[in-house]
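I opened this model to look up how some of its strands pair. My entries follow.

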Amino acid sequence: MQQCSGRVERQNLPPHNTWMQSLFLGIEPVKVNNAATANDEQQAPMCRTIEVAVVDYRDLSLPVAGDELSLIPPLNFAMVDNGVFRSGFPDSANFSFLQTLGLRSIICLCPEPYPQANMEFLNANGIRLFQFGIEGYKEPFVNIPEDTVREALKVVLDVKNHPVLIHCKRGKHRTGCLVGCLRKLQRWCLSSIFDEYQRFAAAKARVSDQRFMELFDISSLKHLPMSFSCSK
């Protein structure tokens, strides 16, 4: 079994985007608990400690050329893994930033029609939209469709769609559930999956979301190839 280095590497960005690379420098490498025996490593999921830096974008000196807007990331933007990003719903103020990612596709988890301005941006930049409508219910009226999440995961796992941005309205619950199910495929232990989810959901973390991730069945997806960190 190939040993995992325990690091989520930053995606290589164009040289002129050195300021953007600094956004990722505050994210510490994932730390793997190596206390398990060799047999445990083959059977048990890996536990990880995630350290996410809080970046105050007001303190960043962003480049402005002429009348161009500053590069502003969407709400709750973060790198998930090589070629995979997450965020809240992007608007026109974020388009210049999204262009620097060189996106091939966007996964939207909201059921509402995609805004016209966003569709024009996607068409102008050759970005494909995958929309998996999941209603944004609040507890206790929560019904996360497992089949929909499974289909969205297939899009995430297909490297032909990378770089890909996953988003819902605020990048917390629906996006957090999809990323959490991806982490199960990457053999993260539940405590680390919940820790990552809670760092984005904060005070609005939902027990129903965490129970969904815990019970989500990944057996039908294990045969799909993955190029992510620590996926082997």
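I began with valine 84, which stands opposite valine 164 in S7. S4 (residues 84-87) and S7 (residues 164-167) run parallel and are joined by four bridges. I noted the terms: strands (E, at least two residues) and helices (H or I, at least four) are DSSP runs numbered from the N terminus, and two strands pair if DSSP finds at least two bridges between them.

The model is predicted: local features need pLDDT of at least 70, side-chain atom pairs count only at pLDDT 80 or more, and totals for chains, interfaces and linings use all residues. Residues are numbered from 1 along each chain as its sequence is written, and side-chain values use heavy atoms, with hydrogens and water left out.

S3 (residues 78-81) pairs with S4 in the antiparallel sense over three bridges. Two residues lie between the strands of this hairpin, and glycine 83 there takes a positive phi near 80°.

Are the side chains of S4 buried or exposed? Val84 and Arg86 on one side and Phe85 and Ser87 on the other are all buried (under 20% relative accessible area; exposed is over 50%, partly exposed in between; 1.4 Å probe, protein chains only).

I then turned to S5 (residues 105-108), where Ser105 and Ile107 point one way, Ile106 and Cys108 the other, and all are buried. Four bridges join S5 to S7 in parallel, with isoleucine 107 partnered by isoleucine 166. Four bridges also join S5 to S6 (residues 128-131), again parallel; serine 105 has arginine 128 as its bridge partner there.
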